[in-house]
Amino acid sequence: MHMPNPGLTEFDYVKPTSLAEASRLLAEHSDEACPFMGGTDAFVRIRDGFISPQTMVDVKHLPGMRDILYDERTGLMIGAAATMNVVARHPEIQDHYTLLAEAANSVASYQVRNRATIGGNLCNGSPAADTAPATLVLGGRMVLYGPDGEREVPAEAFFLGPGKTAVQAGELMTAIRFPVPPAGSGGKYLKLGRNKIGDLSIVGVAIFGFPDGAAPSGYRFRVALASVAPVPLRALAAEDVLAANSPGEETFTLAAEKAAEAATPIDDVRASAAYRKSMVRNLTLRGLRDVWGQLQNT
Amino acid sequence: MAIHSITVTVNGLKEHLDVPSNMTLLQMLREKLVLTGTKNGCMAGECGACTVLMNGEPTNSCMVLAVEADGAEVITVEGLAHDDQLNPLQEAFAEHNAVQCGFCTSGMLISAHALLERNPHPTEEEVKEAMVGNLCRCTGYLRIIQAVETAAKKGGA
Amino acid sequence: MPHGDISSTPTSEPVGKSVRRVDVYEKVTGAAIFTDDIQFGPGLYHGRLIRSTHAHAHIVRIDVSPALEVPGVKAVVTGRDVSTRIGMYLIDRPIFAGERVRYFGEPIGAVIATSEEIAEKAARLVEVEYDDLPAVFGPMEALQPDAPLLHPDLGEYRVANFIFPQPGTNVSEHFKLRKGDVESAWPKCAAIVEGTFYLPQIQHVPLEPHVSVALWEKSGQVTLWTSTQSPHAQRDLIAQSLDIPHGNLRVVSPYVGGGFGGKAGVTMEACAVVMARAVKGHPVKLRMTREEEFVGTTMRQSLVAHTKIGCDTEGNLLAMETEYYFGGGAYNDYGVNIARAAGYSCTGPYSIPNVKGDSRSVYTNLPIGGPMRGFGMPEIHWGIEQIMDQLAEKIELDPAEFRRRNCVKTDDTILTGMKMPAIDLVACIDKVAEAIGLGEKEAPSAPHKRRGKGIAIMWKAPAMPPNPGSSAVVRFNEDATLNVEIGAQELGQGSFTIAAQVAAEALGVPYEWVRVVTPVDTKYSPYEWQTVASRITWAMGNAVKAAAEDARRQILEIVADHWDEDIDDLDIKDGQVISYKSEREQPLKNMVIYGLPNENFEGWKGGPIIGRGKFMPTYVTNLDFETGQGPRAVVHYTVGAQAVDLEVDTETGQIEVLKIASAYDVGKAINPDLVLAQIEGGAVHGMSSAFEALRFDEAGRPLNRSLVDYRIVTSVDVPKEIHGDFVETPLEDGPWGARGVGEHVMVQTAPAIANAINNALGIRFTDLPLSAEKIFLALEKHD
């Protein structure tokens with residue numbers, strides 16, 4: 001258990017000019033090459049000795065990586081290298097994917113958000129990733145580019161374990177696609193940290209709701225949790241309760257209990273499992289009340 | 001390890017430098033250009049003492065590789081005052097006694113400057129949120145926030 | 001504009017005025033030089049420490065040869081090269097661990113190389129073999145009869161004559177206070193409360209990490225550039241430890257980016273000097289990373305406190321029995337004095353006729369416990385201010401009223417037998433009680449929140465050896481601008497500004513004419529014991545005042561002679577000598593260097609004016625070892641009160657502090673706005689200290705040794721309002737009556753918060769930190 005390095009260890013910085021070149025570099029040096037986005041997680045891990053890349057492959061500038069495109073028929077595509085600030089203040093994201101803007105805006109500080117990218121946040125595979133719950137409830141699909149070309153992975157299949165995602169050797173995330181949100185939808189991201197803002201999440205809860213005639217309650221809610229399981233996850237049992245029972249305090253309370261049951265947190269230096277479970281319950285309840293208020297106003 | 005030849009504009013001056021891959025922008029500013037106003041407080045993007053403007057955006061220079069600054073415009077605290085006159089923010093910091101040990105001050109000024117550029121009339125809450133990435137242990141923050149509000153009223157950044 | 005700019009409007013008689021700081025221009029332009037900013041040229045080497053990865057172990061083998069092979073490495077030193085110890089009050093700490101390590105992260109050696117990167121790479125190649133020893137991580141554990149002995153040679157360590165370690169145990173200091181007879185007092189009490197209080201180690205988190213550059217020249221001259229509160233004390237301790245004549249060791253310290261006690265005494269600086277000795281002629285820079293701050297510098301000690309207090313039917317305190325067990329960490333060289341200070345102030349700011357106090361510092365296999373803002377007072381007030389609240393509640397007295405009745409007052413005989421110097425704590429209580437609306441129940445901002453208010457008072461004396469000296473020199477320039485030379489350090493608290501104000505006022509020149517000579521440099525700067533203990537405004541202030549008055553007297557003597565007038569009719573105002581009798585004027589310009597010509601230029605009188613002054617308290621006495629009694633335990637006390645208004649979110653346990661009101665008796669506010677700035681900064685620091693904690697695993701390894709997981713208050717967490725105020729009851733021997741306040745402002749914030757939480761929830765938290773989790777889980781159990 002060494003103390004961290006005073007600086008960054010040695011590596012070669014390379015800046016490929018095409019996705020194909022980037023993919024090739026990552027595949028060839030898969031053990032010791034790291035796709036380099038904002039660096040806000042990577043640098044800390046390098047100093048801590050968790051990773052020791054020999055090559056940092058800068059992919060931020062590659063075609064499309066910083067683009068944000070919205071089409072009211074096909075939905076949203078966010079380049080993986082879009083920074084949190086860019087995502088948070090993008091007018092189309094603020095209007096149509098408010099929950100995602102909220103989540104991006106909750107990361108660390110303004111300075112960090114000028115570097116941290118949505119792709120980096122998702123690809124680190126941390127269960128605490130702030131943009132992960134929003135991506136799950138909004139139906140995000142990760143676009144990956146690799147030696148065999150492009151493929152899409154839905155968010156539910158993307159997170160495999162702490163620090164592990166569906167990204168294979170030689171692949172990099174180029175974009176995240178979001179479908180057009182259902183009419184009349186509303187969403188909220190609640191994050192609990194040790195400071196009022198600016199901290200990692202001890203617990204993160206994303207709630208997304210929309211009218212759906214096919215649901216017995218007339219509404220569908222999606223609930224996703226961060227920092228309370230090996231991966232960010234949807235609380236499906238809670239979602240079932242919300243689909244089956246009319247919205248209101250009683251339903252929300254039951255759903256919040258179900259969400260807490262879906263959480264399998266650990267004790268760590270940031271919080272205990274017991275506290276995290278209770279916070280899932282309480283934050284889910286708050287989030288449901290808030291989103292329900294939004295749905296009633298639209 | 002690779003060495004990169006870069007051209008970066010710092011405080012309005014074009015600099016041609018050779019930097020190793022793993023050198024941070026912070027190290028480049030302090031060691032290659034001897035611009036020591038930007039401070040090293042944590043090397044982890046947490047304290048904000050190293051905040052500079054990079055292409056107009058406040059950025060923790062400890063979280064940027066020097067090679068990434070190729071072609072960029074960087075402003076440090078040394079670039080804020082014009083002709084030895086303090087800018088309205090600096091003057092407000094002095095007036096409000098928002099400075100004690102001074103180690104966080106450079107980063108605070110850069111973050112505040114950027115805030116006022118993008119939001120000339122921030123609310124108290126907006127000022128606090130904009131500064132959350134700049135830690136201070138001496139002042140308790142209130143005077144810093146007041147100084148930013150004063151500078152905003154005077155229409156300055 | 002910069003201080004002293006010729007276009008600035010001069011300020012006469014600046015004492016009592018909120019003049020602009022002398023250092024603010026440099027600091028807002030990024031021009032202020034801190035130690036890591038000093039340029040040393042291409043010959044600079046860099047060092048990295050090799051740190052222990054075990055909390056308590058024998059070092060069986062060190063093999064540095066792999067490190068020496070690394071290109072760019074110039075030398076490697078280990079504890080085998082230097083077996084000397086260093087220390088402030090108890091010389092117990094090896095500069096580099098020799099045969100055993102006593103905490104995770106203890107330096108066992110160092111690599112010196114051409115770059116920090118190479119030094120680190122090489123340091124990681126050094127092979128070390130440890131043989132684990134059983135370890136203890138808390139004071140109670142370390143006191144068990146079968147506990148491992150961390151310092152078997154405790155009896156051989158040199159120790160100050162007022163510190164009493166117990167060889168054969170892990171107790172490094174035991175202070176006893178016996179006043180009156182507690183046993184006979186308990187039966188007379190109408191109400192008695194007992195409690196145990198705990199707080200963990202926390203760290204100062206100065207924004208500027210520790211850094212030193214040392215140069216050991218072949219001639220034997222040694223220079224140490226370092227961020228320190230104590231240039232002269234460092235010179236003294238390092239000179240003695242390494243057998244360097246004092247005159248050959250020079251300590252230079254530029255601006256300090258936050259000290260808070262963490263840069264007092266000697267921390268890692270001695271390592272840099274030993275490293276420099278291995279590469280004579282080359283300066284060596286040693287910087288702490290932020291992570292090393294949490295492991296390898298000093299921490300505030302942990303404390304377990306058992307306290308029992310009792311009062312009569314009117315609520316007058318009759319007795320206190322208290323035991324303090326400080327978790328001192330692996331080395332207690334400075335920490336022993338904290339236990340002592342806690343001992344002789346163990347009642348808190350209360351008049352209690354019968355007191356039995358035992359205060360101990362105990363070795364543990366954790367980071368070194370040392371001075372942190374408050375020096376034992378925040379640690380003990382955590383329990384004292386809560387138990388007082390509990391007793392007030394039991395006897396059904398309002399908490400402010402209980403304190404008004406029982407707090408120390410001028411001329412009270414306090415626990416050590418000395419008379420309380422003049423202060424007005426009741427006025428402070430009144431001010432904060434009113435500012436917060438104590439006693440007025442106010443509604444919370446939402447149904448799931450609960451609101452509460454709490455109050456806490458404090459006292460603290462500068463904790464020093466009996467003879468800490470300050471000295472100062474004032475030296476004119478031809479244009480009558482003035483250089484003030486001091487050994488006190490500018491940590492941000494404003495000491496340089498105070499020095500300038502005092503000099504200007506005492507001499508009679510405008511504030512803008514005064515230059516404080518920086519950086520503090522033991523080669524040129526007059527002696528100052530340390531910039532600690534909130535003593536500088538008082539002690540340095542007195543020395544500067546004396547030096548300025550010395551210069552003033554010399555000038556007036558020359559001019560009186562020149563004018564053939566009585567010196568008592570003369571004065572210096574706004575940089576001119578004036579006569580109240582003849583109304584003649586003589587500008588100081590030129591005459592303060594060149595003197596004045598006699599009539600018809602038949603000779604000259606005067607010459608370069610240099611004023612000198614010193615201050616050292618002469619009246620502090622030792623205390624009886626068995627009873628802690630003595631005529632004069634301390635120089636003086638500063639007192640104050642704080643009240644807190646807060647809300648608790650019952651759904652998350654999070655606290656929102658709405659308002660902190662503080663009032664301190666500072667004697668005289670030489671710069672009122674700087675006093676208020678200290679009060680505000682202290683309130684926030686105090687608030688943060690209620691939520692901070694260093695955490696360790698079962699092997700004594702740090703769990704939150706970075707800002708990611710050691711959280712401090714940010715701009716968004718600050719209370720909406722901080723209401724600062726002060727009272728001025730002059731200190732008898734203070735410059736214009738001034739007393740220090742830099743530490744006091746954070747001493748009682750944590751218990752004030754705890755008292756407010758108790759007011760809101762009816763739950764008392766006896767253990768820090770007050771995390772949201774702890775509060776939430778307690779609420780769940782309670783309801």
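User: Which residues does C:Ala503 touch, not counting those up to four places away in sequence?

Analyst: In this predicted model, C:Ala503 touches C:Val474, C:Leu482, C:Val484, C:Val514, C:Val544 and C:Ala548, where contact is taken as C-beta atoms, placed from the backbone, lying within 7 Å. Residues are numbered from 1 along each chain as its sequence is written, and chains are lettered from A and ligands numbered from 1 in the order in which they are written. Being a prediction, it is read with limits: local features need pLDDT of at least 70, side-chain atom pairs count only at pLDDT 80 or more, and totals for chains, interfaces and linings use all residues.

User: And which residues touch the most other members of the largest nonpolar core?

Analyst: C:Met275, C:Ala499 and C:Ala503 do, in a core of 428 residues. Helix H14 (residues 536–563) of chain C gives the largest share of this core, 13 residues. Such a core is a set of buried Ala, Val, Leu, Ile, Met, Phe, Trp, Tyr and Cys residues joined through C-beta atoms within 7 Å, and a residue is buried if 20 or more other C-beta atoms lie within 10 Å of its own, exposed if 12 or fewer, and partly exposed in between.

User: Switching to H3(C), what do its buried residues pack against?

Analyst: They pack against strand E1 (45–51), helix H2 (65–68), strand E3 (73–78) and strand E7 (107–113) of chain C. Eight of the eight residues of helix H3 (residues 116–123) are buried, so this helix is largely enclosed by the rest of the structure; among them are C:Glu116, C:Ile118 and C:Lys121. Helices (H or I, at least four residues) and strands (E, at least two) are DSSP runs, numbered from the N terminus.

User: OK, chain B now. How many helices and strands?

Analyst: Chain B has five helices and five strands, in the order β-β-α-β-β-β-α-α-α-α along the sequence. Buried residues make up 64% of its 157 residues, and its C-alpha trace spans about 45 × 30 × 25 Å along the principal axes.

User: How many residues of chain B are in contact with chain C?

Analyst: The contact joins 43 residues of chain B to 43 residues of chain C. Helix H2 (88–95), helix H3 (105–118), helix H4 (124–130) and helix H5 (142–153) of chain B each supply at least two residues of the side that touches chain C. That side of chain B divides into 24 nonpolar, 13 polar and six charged residues, with Ala, Val, Leu, Ile, Met, Phe, Trp, Tyr, Cys and Pro counted as nonpolar, Asp, Glu, Lys and Arg as charged, and the others, Gly among them, as polar.

Definitions and conventions: Contact = placed C-beta atoms within 7 Å.
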